[in-house]
Amino acid sequence: MSNSSRCAACKSLRRKCPQDCVLAPYFPSNNPQRFSWVHKIFGASNITKMLQQLPVELRGEAADCMAMEAYLRVENPVYGSVGIIYQYQQQIIEVQNEIIKINGEIAVYNALLQHQQLQQHQDSFFSTDNDFNL
């Protein structure tokens, strides 16, 4: 990359962006905030080391994961992504409880329906004019 089109990482670090900059594909100049979050949480040296240790085909996903973790850590310094995971787990538990409740209501409705059908059947059986004379 030429100096005029430095990636967000090189701009932030105020350095030339080399042609083979490992950060350039994952931290483009049009999204400086993404690098800012990751840099704040992990540090530029650690980001570079982590990406260099991975095969090229996995680096994009790793950069995305670092960016998401960094963003969530900046937003919630205490819990970070664990806070989001916990919220989702609570929502899952609430939905599961709602499903159990609805299934119970359906079972009660079905039992009442069966009872009514049985009652109607019995009423129609005993109300017909039978040939039996008691």
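How many residues apart in helix H4 are Arg-73 and Glu-69, and about how many helical turns separate them? Being four residues apart in helix H4, Arg-73 and Glu-69 are separated by about one helical turn.

1. Basis of the note. This is a predicted model, in which local features need pLDDT of at least 70 and side-chain atom pairs count only at pLDDT 80 or more, while totals for chains, interfaces and linings use all residues. Residues are numbered from 1 along each chain as its sequence is written, and side-chain values use heavy atoms, with hydrogens and water left out.

2. Confidence. The protein chain has a mean pLDDT of 89, with 91% of its residues reaching 70 or more; pLDDT is the predictor's confidence in each residue, on a scale from 0 to 100. Confidence in the chain is lowest in H5, at a mean of 92, and highest in H3, at 95, where helices (H or I, at least four residues) are DSSP runs numbered from the N terminus. Where pLDDT is low, the predicted coordinates should not be read in detail.

3. Salt bridges. A salt bridge is taken as a side-chain nitrogen of Lys or Arg within 4 Å of a carboxyl oxygen of Asp or Glu, and by this rule the count comes to two. In one of them the side chains of Arg-34 and Asp-64 meet at 2.8 Å, N to O; because Arg-34 lies in helix H2 (residues 32-42) and Asp-64 in helix H4 (residues 56-75), the pair ties together parts that are 30 residues apart in sequence. Arg-34 is buried, with a relative accessible area of 16%, whereas Asp-64, at 43%, counts as partly exposed; buried means under 20% relative accessible area, exposed over 50% and partly exposed in between, with a 1.4 Å probe and protein chains only.

4. In H2 the buried residues are Arg-34, Phe-35 and Val-38, and seen down the axis of H2 they fall within an arc of 90 degrees, so they line one face of the helix; the arc is that of the directions from the helix axis to the C-beta atoms. What covers them includes H1, H3 and H4. In helix H3 (residues 44-53) the buried residues are Ala-44, Ile-47, Thr-48 and Leu-51, and these fall within an arc of 95 degrees seen down the axis of H3, so they too line one face of the helix. The cover over the buried residues of H3 includes helix H1 (8-13), H2 and H4.

5. Nonpolar core. The term denotes a set of buried Ala, Val, Leu, Ile, Met, Phe, Trp, Tyr and Cys residues joined through side-chain atoms within 4.5 Å. Of the 21 residues in the largest such core, Leu-23, Phe-27, Phe-35, Ile-47 and Leu-51 touch the most other members. H1, H2, H3 and H4 each supply at least two residues of this core, and the largest share, five residues, comes from H4. Beyond its neighbours within four places in sequence, Leu-51 is in contact with residues including Leu-23, Phe-27, Ala-63 and Met-66.

6. Cysteines. With a disulfide defined as a pair of cysteine sulfur atoms within 2.5 Å, a search of the whole structure finds zero disulfides. The sulfur of Cys-10 is 3.5 Å from its closest cysteine sulfur, in Cys-17, which is too far for a bond. Cys-10 is buried at 0% relative accessibility, and Cys-17 is buried with a relative accessible area of 4%.

7. Backbone points to check. Most residues other than glycine have a negative phi.

Terms used
Contact means heavy atoms within 4.5 Å.
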